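The overall fold is treated before two individual residues.

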Amino acid sequence: MFQMISMRRLEQLLEGERNFLLLDVREPEEYAAGHLEGAVNFPFSKLQEAGSRIPMDRLVILYCSHGSQSMMAARELSRMGYRAVTVSGGLNYYRGRHMTRNSM
């Protein structure tokens with residue numbers, strides 16, 4: 001089973017030692033417009049390729065825009081044997097300092 005964490009808890013984890021993989025499950029265009037520092041873009045639509053591209057030996061923290069896609073992704077990764085955590089609320093609610101934005 002996957003876990004859920006708050007944006008506040010994610011901020012604490014981002015401030016510490018990053019011994020986890022941070023996955024942004026939004027589409028590439030959304031990721032390019034802005035994402036969390038250190039996040040890897042792995043769109044929800046490509047989740048079936050996880051087995052060959054996501055390491056199983058690390059905690060995986062997932063986020064999306066509102067939380068629903070990352071919750072479904074965490075559920076699926078959990079079924080595949082990953083230690084998965086989803087961030088409730090999604091990136092639209094993030095107000096911390098780890099956000100990067102594309103300067104267009």
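What share of the contacts with a separation of 6 or more in the protein chain comes from residues 24 or more positions apart? Such residues account for 65% of these contacts, where contact means heavy atoms within 4.5 Å.

The model is predicted, and local features need pLDDT of at least 70, side-chain atom pairs count only at pLDDT 80 or more, and totals for chains, interfaces and linings use all residues. Residues are numbered from 1 along each chain as its sequence is written, and side-chain values use heavy atoms, with hydrogens and water left out.

**Overall fold**

The protein chain contains four helices and seven strands; these are DSSP runs numbered from the N terminus, with helices being H or I of at least four residues and strands being E of at least two. Read from the N terminus, the order of elements is β-α-β-α-β-β-α-β-α-β-β. The C-alpha trace spans about 35 × 25 × 20 Å along its principal axes. The radius of gyration of the protein chain is 13 Å, which agrees with the value near 13 Å for a compact globule of 104 residues; this radius is taken over C-alpha atoms, and the globule rule is 2.2 Å times the number of residues to the power 0.38.

Of the 104 residues, 43% are buried, a term that means under 20% relative accessible area, against over 50% for exposed and in between for partly exposed (1.4 Å probe, protein chains only).

Beyond its neighbours within four places in sequence, Met-7 is in contact with Val-87, Ser-88, Gly-90, Leu-91, Tyr-93 and Tyr-94.

When residues up to four places away in sequence are not counted, Val-85 touches Gln-3, Ile-5, Leu-59, Val-60, Ile-61, Leu-62 and Ala-74.
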